[in-house]
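This briefing concerns salt bridges and nonpolar cores. Please keep the sequence and the structure in view while reading.

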Amino acid sequence: MADSKEKLFSDFPSVSTQEWMDKIMVDLKGADYEKKLVWKTNEGFKVKPFYRQEDLEGLKTTEGLPGEYPYIRGNKKDDNTWYIRQDIRVEEPAEANQKALDLLNKGIDSLGFHIKPKDLSAEYIATLLKDICCDCIEINFTTCQRHSTQLAELLVAYFKEKGYDPNKLYGSINFDPIGKMLQKGKDVSPIISKAKELVEILAEYPHFRCIGVNSLQLNNAGAYIYQELGYALAWGNEYLNRLTEAGVPVDLAAKKIKFNFGISSNYFMEIAKFRAARMLWANIVKAYNPQSECACKMIAHAETSSFNLTLFDAHVNLLRTQTEAMSAAIAGVNSITVTPFDKAYETPNDFSERIARNQQLLLKEESHLNRIVDPAGGSYYIENLTVSIAKQAWDLFLQVEEAGGMVKSIFDESVQNAVNASNKARHEAVSKRKEILLGTNQYPNFNELAGEKTPSEHKCCCGGGHNHEEEASFAKLETSRAASEFEALRLQTEHSGKRPKAFMLTIGNLAMRQARAQFSCNFLACAGYEVIDNLGFPTVEEGVEAAMKANADIVVICSSDDEYAEYAIPAFKAVNGRAMFIVAGAPACMEELKAAGIENFIHVRCNVLETLKEYNEKLGIK
């Protein structure tokens, strides 16, 4: 039997890379290989359409094992278990405690408490953590940066009072003044000096981290993957450098830093990002000459992105967050938060939070992604992505270091400017449908109305703003979601009380008229217009007559390029200004049609957003 299995593959001749390329070139029929099949990524490198074993030659990423330096294959050796985390914004400690206990019975094993600092006290902490076995779960806290040391002292006192073994407590305090600077555009850099005190308070708790690198903010601002990783490394190095300069041993300092990454929908690139992140961070820490290699391990929490969440067709958010969580799980992160699908327009409710929990439970209990360590290891494609992303991120890290470090680069606004430029570029890509948001800029739900849904705004956990003498304004991150402009346009249409009707005047070539009608319906529905498709009309006059009977505000003629020369001008004249007239396509006779007075054309090269804004204005929708 063994022999027959071996012969199964030996009976087939091997195929060389050149043979594959020769076959591809034949299929391309003279088209440019680079333009057609090579993906030019936003990260600054090219991705080939296929990879083979020979592409692994010379890649050092394949040499290590899970649990071994530089931890590219993960910190874990025996399994791929991660913490399933859900955050609670604490308004009243007793209520938050009851919610936490309920969550712990529903599959959560990591809690995140967002605490307002004004009420912090021993009684507050005792009430919040009542009946919670802190040594059985991961427990995380976020509060005002200026009160993090107070929170740490209260937690240590509570842990000692309860008799917890310091070695069994896992969690974090999210102290991150650099993140606050990016988020608020305010100078709180003097607070960084509190990091040493914070680390010393929690020194005897080896698995309780207290310095946060919240590159999640960059992800939510639309940063490209290499930017999030490159800046995260510089961010972490800034803290590590300052702590060691203040006299904190490098092993202790490194073991107190926790990375909180975002996860975009770029599935394979995200898997590669986390693998590259562990490798690069291990190399950075190693340069400080720690006594133990385990100090080089990156502890990474991952949270699904809010940048690509949408208000319309919100259940599509479930598809996005599911693939995002899956990529982080496969990549071997330490904990994951799935953002509830309705976060873009309301405070998540019990239903959406339950779905978010279950998304991770499915990955564990049904897909068994917690059983296999680094299943991506050895993949020709992902190993090459890992190396490419690592190179781009490392180049950016060095660029920041040469400029004086992360804080200096924030003061210079180079970080904010770069990320905000990416935000702008991605909005532009969304407006032209080069970046697809299903249900928003492509294939919208034609009949959906927002109703009372309105875009949500970020809330600070501090419970309000603070005015401190050392604060000075500089640029901050632009965090508008990718869908925000399309949503504003569609809400404008809905709130105007006038929903334009777009009538498809389909005529001529069957295949072309159907394809262009479908394209036009999707195009115009992105602005919230009512679209009326048709099977086809024998004459232009009948089509226009049907459109007028339907009280159409827009008439879209849908036919083939060749037939527009025959049908478009008669149709335009028949409409006679009673409705906006649009030609679906960019025919060769476009100039002749424009000369006849036809102004509006929609096609794949259009900026969909700007075109629809123009149409709203023409239709009197403000």
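The model is predicted, so local features need pLDDT of at least 70 and side-chain atom pairs count only at pLDDT 80 or more, while totals for chains, interfaces and linings use all residues. Residues are numbered from 1 along each chain as its sequence is written, and side-chain values use heavy atoms, with hydrogens and water left out.

**Salt bridges**

- A salt bridge is taken as a side-chain nitrogen of Lys or Arg within 4 Å of a carboxyl oxygen of Asp or Glu; under this rule there are 29 salt bridges.
- Glu 487 pairs with Arg 481 in a salt bridge whose closest N and O atoms are 2.7 Å apart. Glu 487 is buried, at a relative accessible area of 1%, and Arg 481 also counts as buried, at 12%.
- Glu 293 and Lys 286 form a salt bridge, with 3.3 Å between the closest N and O atoms. Glu 293 is partly exposed, with a relative accessible area of 39%, and Lys 286 is partly exposed at 33%.
- Glu 614 forms a salt bridge with Lys 618, the closest N and O atoms lying 3.2 Å apart. Both residues belong to helix α23 (residues 608-618), where they are four residues apart and therefore separated by about one helical turn. Helices are DSSP runs (H or I, at least four residues), numbered from the N terminus.
- Glu 614 has a relative accessible area of 38% and is partly exposed; Lys 618 is partly exposed as well, at 41%.
- A network of salt bridges links Arg 73, Arg 275, Asp 374 and Glu 383.

**Nonpolar cores**

- A nonpolar core is a set of buried Ala, Val, Leu, Ile, Met, Phe, Trp, Tyr and Cys residues joined through side-chain atoms within 4.5 Å.
- The largest such core has 121 residues, of which Phe 113, Leu 129, Phe 141 and Ile 211 touch the most other members. Helix α12 (residues 267-286) supplies the largest share of this core, twelve residues.
- Another core, of 57 residues, lies apart from the largest one and includes Met 504, Ala 517, Leu 524 and Cys 558.

**Surroundings of Leu 129**

- With neighbours within four places in sequence left aside, Leu 129 is in contact (heavy atoms within 4.5 Å) with Asn 97, Phe 113, Cys 134, Ile 139, Phe 141, Leu 155 and Tyr 158.

Methods: Buried < 20%, exposed > 50% of the residue type's maximum accessible area, 1.4 Å probe, protein only. Helix = DSSP H or I, 4+ residues; strand = E, 2+ residues; numbered from the N terminus.
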